[in-house]
Number of protein chains: 2
Amino acid sequence: MTLQTTSYSDLVNVSPELVRTAIRSGSYTGHTAGLAAGKLQCNLAILPECYALDFLRFCQRNPKPCPVVAVSDSGDANLPTLGPDIDIRTDVSKYRVFKDGAFAEEVDDIQALWADDLVTVALGCSFTFENALLRNDIPVRHIETGLNVPMFRSNIDLEPAGPFAGKMVVTMRPIPKEQVEQAREISARYPHAHGAPIAIGDPAQIGIADLSQPDWGDAVEIKAGEVPVYWACGVTPQNVLLDAKLPLCMTHSPGHMLISDVAENAETTILPPKK
Amino acid sequence: MTLQTTSYSDLVNVSPELVRTAIRSGSYTGHTAGLAAGKLQCNLAILPECYALDFLRFCQRNPKPCPVVAVSDSGDANLPTLGPDIDIRTDVSKYRVFKDGAFAEEVDDIQALWADDLVTVALGCSFTFENALLRNDIPVRHIETGLNVPMFRSNIDLEPAGPFAGKMVVTMRPIPKEQVEQAREISARYPHAHGAPIAIGDPAQIGIADLSQPDWGDAVEIKAGEVPVYWACGVTPQNVLLDAKLPLCMTHSPGHMLISDVAENAETTILPPKK
């Protein structure tokens, strides 16, 4: 059998359903930035039910890094409030599997790993507010330059819940000084995608020693007249899950998000039920 | 011992902490509308841990009637993200206790009923957006006339989770036609307090036969030039809890809300941790 492959450019401007179909069939395994414009994309955490209550408490207490946009029934691979046809075992282009707090493997689907006690928690992602910044002519340096957003472990304590605790991870985007307030206002409209910045300006105020040495992602240039602006980052819950050393948990791979049918600017992330 | 009693007027314009102190001591057992101006007040659902994951899934799927603003640890009577001194067993002026889906009793504190497996879920309440409407000179009829807000069982299906399911309860407020859009915009700013209206105008569109016959609360006059506007109501989760026939659950009594230290217009409902 010859596997049909789909390129990124084939998927630009197609519906979320068609992007998911290409991913589900295995014909597309790339990243999802810029696909399904206007639709909410999601970070994923898949974990055993016995940890799900504490993880939801953790997310509720840390809504800026961990904005919950959907929670599955236990053992149910569907997420009907995000899209009527979503199957979480196949509809993400790359997954990471962790066992006892250590990286185990990266896979294209998790059908073989699925179990009746697994719960999927989908969390909003920064693509949503980045798209809104770009629509409002606010530059986003790492996108302009084709890099990954720089991410830093801050000194901001998270509110713990059960085995879940740690420090907040933040992203940094240099914003022209005269557009910082506008960037703040725009991102605040997306509470399901990290909301307003966590901090603005001096990195030392949140325990970052050197902006040229990100903990994850790529360093980006801060030009004259630009101010570093910090947002809560979806890597936070991934780190916290890892540190909790669950026997099994799965996440998307960075940049390989779940694409939903929910509009980025919808009031809630819940699709109306199909009649 | 003589029990010192505190009147409503003694508590107007005092801090949330002092209102809670009066309630905790048993000296104030009245309603909380208009107290602790500018602070978030909360609906309460207290239920056994074994139902908490499904109840949180239910709330996540129905964010307009069930906006979660805090979740306690199991067996922990404190809610530190809403206020450093809150004890949920004593800090609400009246509670309702339900056993096996039937009303059992109304009490002033629940210390005798507390158990190690209980989880408190606090939900936003309509006081928040009503205060915002009043600040913007939009009249709120039931407040003007000293009545309870009229509540109706709609035909809107809730997204089920585990044993939790049913129809949405809505409140109705008549708004002058020319202020309806402004009322929508203002309430949409408070996603933690039911957000934007669910429907505007004809009650038949959401299955309400007669606006003069509310299912709960009092009928209010709709004057010439006014449009009935419907918001999701915090009675929804109470009904759903009742219908689920849990062996034990507890709620606040209507109008007797938990007063928090969180500002009504804060970006999240999570207080920063005390250093």
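The following conversation walks through a predicted model of two chains, from the way the chains meet down to single residues.

In this predicted model, local features need pLDDT of at least 70 and side-chain atom pairs count only at pLDDT 80 or more, while totals for chains, interfaces and linings use all residues. Residues are numbered from 1 along each chain as its sequence is written, chains are lettered from A and ligands numbered from 1 in the order in which they are written, and side-chain values use heavy atoms, with hydrogens and water left out.

Trainee: By what turn can chain A be laid on chain B, and as by what kind of axis are the two copies related?

Mentor: The copies are superposed by least squares on the C-alpha atoms of residues with pLDDT of at least 70 in both. Chain A can be laid on chain B with an RMSD of 0.0 Å by a turn of 180° and a shift of 0.0 Å along the axis. The two copies are therefore related as by a two-fold rotation axis.

Trainee: Which residue of chain A has the C-alpha nearest the axis?

Mentor: Two copies of a chain are related by a rotation about an axis and a shift along it. For this pair the turn is 180° with a shift of 0.0 Å along the axis. In chain A, the C-alpha nearest the axis lies 2.6 Å from it and belongs to A:Leu53.

Trainee: How much area do chain A and chain B bury between them?

Mentor: Counting a contact as heavy atoms within 4.5 Å, 29 residues of chain A are in contact with 29 residues of chain B. Because 100% of the interface residues of chain A are also interface residues in chain B, the copies meet through the same surface. Buried area is the accessible area (1.4 Å probe) that two parts lose on being put together, summed over both. Here 52% of the buried area is on carbon and sulfur atoms, and the total is about 2300 Å².

Trainee: How many salt bridges are counted between chain A and chain B?

Mentor: A salt bridge is a side-chain nitrogen of Lys or Arg within 4 Å of a carboxyl oxygen of Asp or Glu. One pair that crosses from chain to chain is B:Arg61 with A:Asp73, whose closest N and O atoms are 3.0 Å apart. Over all chains the search finds 34 salt bridges, and the count between chain A and chain B is six.

Trainee: How many residues apart in sequence are the parts that A:Arg20 and A:Asp85 tie together?

Mentor: A:Arg20 and A:Asp85 form a salt bridge in which the closest N and O atoms are 2.5 Å apart. A:Arg20 lies in helix H2 (residues 16–24) of chain A, whereas A:Asp85 lies in the loop between strand S2 (68–71) and strand S3 (95–99) of chain A, so the pair ties together parts separated in sequence by 65 residues.

Trainee: Is A:Asp85 buried or partly exposed?

Mentor: Buried means under 20% relative accessible area, exposed means over 50%, and partly exposed is in between (1.4 Å probe, protein chains only). A:Asp85, at 22% relative accessibility, counts as partly exposed.

Trainee: By about how much of the helix are B:Arg141 and B:Glu144 separated?

Mentor: The side chains of B:Arg141 and B:Glu144 meet in a salt bridge at 2.9 Å, N to O. At 4% relative accessibility B:Arg141 counts as buried, whereas B:Glu144, at 47%, counts as partly exposed. Both lie in helix H5 (residues 141–144) of chain B, three residues apart, which is about one turn.

Trainee: How many residues of strand S9 in chain A are buried?

Mentor: Helices (H or I, at least four residues) and strands (E, at least two) are DSSP runs, numbered from the N terminus. One side of S9(A) holds A:Glu226, A:Pro228, A:Tyr230 and A:Ala232, the other holds A:Val227, A:Val229 and A:Trp231, and both faces are covered. Strand S9 (residues 226–232) is thus mostly covered, and of its seven residues the number buried is seven.

Trainee: Which residue of S9(A) is the bridge partner of A:Met172?

Mentor: Two strands pair if DSSP finds at least two bridges between them. Strand S7 (residues 167–176) of chain A runs antiparallel to S9(A), joined by seven bridges, while strand S8 (residues 199–200) pairs with S9(A) in the antiparallel sense over two bridges. A:Ala199 has A:Tyr230 as its bridge partner, and the partner of A:Met172 is A:Tyr230.

Trainee: Is B:Thr81 buried or exposed?

Mentor: B:Thr81 has its place in the loop between strand S2 (68–71) and strand S3 (95–99) of chain B. Not counting residues up to four places away in sequence, B:Thr81 touches residues including A:Arg61, A:Glu159 and B:Val262. At 5% relative accessibility, B:Thr81 counts as buried.
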